[in-house]
Amino acid sequence: MQVGLMALSEPLVIPELLQRWTVVGIDSQGHQEEVLAGWREKEKNDRSTTIGQLISAYLEKKSDLEDHTVHLLFSANRWERVPLMKKKLEEGITLVVDRYAFSGAAFTSAKPGFSLDWCMKPDVGLPKPDLVMFLQLSPAEAALRGQFGEERYETSAFQRAVQQQFEELRKDSTVNWQVIDASQSVDDVHKSISSHSLHTVSAAQSLPLGELWK
Ligand code: 2DT
């Protein structure tokens with residue numbers, strides 16, 4: 001089976017991959033983007049699921065949700081996509097998944113009163129990525145990038161707390177974590193992502209789909 005599943009912080013376009021695979025990205029709001037023959041379009045405002053709409057309004061600060069509730073909604077939003085993800089994987093399609101369960105665990109556990117263990121539980125058993133690429137950028141550098149500060153969670157103090165939780169998650173050797181230095185040039189970041197991806201996609205061809213955190 002051709003299985004490649006990756007989580008990273010931005011959707012990925014790799015010309016070498018496009019020649020051979022459709023890349024489907026599903027982000028935290030259930031937005032889906034398909035990459036076909038080198039052409040890509042992101043429907044930024046596509047709110048394709050009811051749960052996705054609730055999450056979107058919360059992130060844009062148009063509504064408030066209790067912290068446990070929003071955590072479970074994020075997870076439910078992933079689970080509602082699992083049948084589609086499995087179908088695509090069985091068709092030999094490589095999935096590129098933006099953020100995925102790792103952001104779920106890291107962001108909520110950065111809030112007061114939440115343990116990492118509790119935060120991981122709802123996502124146990126999701127399709128397991130063959131590779132997780134973590135694009136590392138200091139919160140100070142991230143703050144200099146465009147539009148930072150508009151959405152919920154975009155404060156440097158909270159981002160630092162989230163980064164610490166990611167460091168905890170990365171200690172889990174059952175997941176193939178690769179840290180990419182995102183302060184490099186766009187070209188170098190691309191080269192690094194490309195080489196990790198191509199290697200993983202080829203290695204994953206003969207492997208069965210795993211279950212996350214099980
Ligand atoms: P995007 O930029 O990927 O839309 O994320 N988040 C994300 C959570 O708190 N829990 C989750 O499960 C996921 C996937 C990270 C927008 C923000 O939502 C946070 C930033």
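This report walks through the helices, packing and a few loop residues of a predicted model.

## The overall picture

The protein has nine helices and seven strands. Of its 214 residues, 30% count as buried. Contacts reach well along the chain: taking pairs at least 6 apart in sequence, 70% join residues at least 24 apart.

## Helix 5, wrapped up

Helix 5 covers residues 100-109. Ten of its ten residues are buried, so helix 5 is largely enclosed by the rest of the structure. The buried set runs through Tyr-100, Ala-101, Phe-102, Ser-103, Gly-104, Ala-105, Ala-106, Phe-107, Thr-108 and Ser-109.

For context, most residues other than glycine have a negative phi. Tyr-100 counts as buried because it has 24 C-beta neighbours inside 10 Å, and the cut-off for that label is 20 or more.

## Who packs against helix 5

The axes of helix 5 and helix 8 come within 8 Å and cross at roughly 130°, so the two helices are oblique to each other. Their crossing is right-handed. On the helix 5 side, the contact is made by Phe-102, Ala-105, Ala-106, Phe-107 and Ser-109, while helix 8 brings Val-162, Gln-165, Phe-166 and Leu-169.

Helix 3 (residues 67-79) is another partner, packing with helix 5 at an angle of about 175° with the axes 10 Å apart. That makes helix 3 roughly antiparallel to helix 5. Here Asp-67, His-71, Phe-74, Ser-75 and Arg-78 of helix 3 meet Tyr-100, Ala-101, Gly-104 and Thr-108 of helix 5.

Helix 2 (residues 50-59) has Ile-51, Gly-52, Leu-54 and Ile-55 as its buried residues. They cover an arc of only 160° around the axis, which puts them on the same side of helix 2.

If you leave aside neighbours within four places in sequence, Ala-57 is in contact with Lys-62 and Ser-63.

Just after helix 2 comes Lys-61, with a positive phi of about 65°, and again this is not a glycine. Lys-61 lies in the loop between helix 2 and helix 3.

## Helix 9 and its two faces

Helix 9 (residues 186-204) has 19 residues and spans 26 Å from its first C-alpha to its last, close to the 27 Å expected at 1.5 Å a residue. Which residues of helix 9 are buried? They are Ile-193, Ser-197, Thr-200, Val-201 and Ala-204. These cover an arc of only 100° around the axis, which puts them on the same side of helix 9.

Is Asp-172 buried or exposed? With 11 C-beta neighbours inside 10 Å, Asp-172 counts as exposed, because the cut-off for that label is 12 or fewer. Asp-172 and Lys-111 are 61 residues apart in sequence, and their C-alpha atoms are 21 Å apart in space.

Lys-121 belongs to the loop between helix 6 (116-120) and strand 6 (131-136). Lys-121 is partly exposed, with 14 other C-beta atoms within 10 Å. Lys-121 and Glu-151 are 30 residues apart along the chain, and 26 Å separates their C-alpha atoms.

Notes:
Residues are numbered from 1 along each chain as its sequence is written. This is a predicted model: local features need pLDDT of at least 70, side-chain atom pairs count only at pLDDT 80 or more; totals for chains, interfaces and linings use all residues. Helices (H or I, at least four residues) and strands (E, at least two) are DSSP runs, numbered from the N terminus. The expected span of a helix is 1.5 Å times one less than its number of residues. The arc is that of the directions from the helix axis to the C-beta atoms. Axes are lines fitted to C-alpha atoms, for helices over the stretch in contact, and angles run from 0 to 180 degrees between N-to-C directions. Angles under 35 degrees count as roughly parallel, over 145 as roughly antiparallel, 65 to 115 as roughly perpendicular and the rest as oblique. A crossing is left-handed if the near helix is turned anticlockwise from the far one by less than a right angle, and right-handed if clockwise. Two residues are in contact if their C-beta atoms, placed from the backbone, lie within 7 Å.
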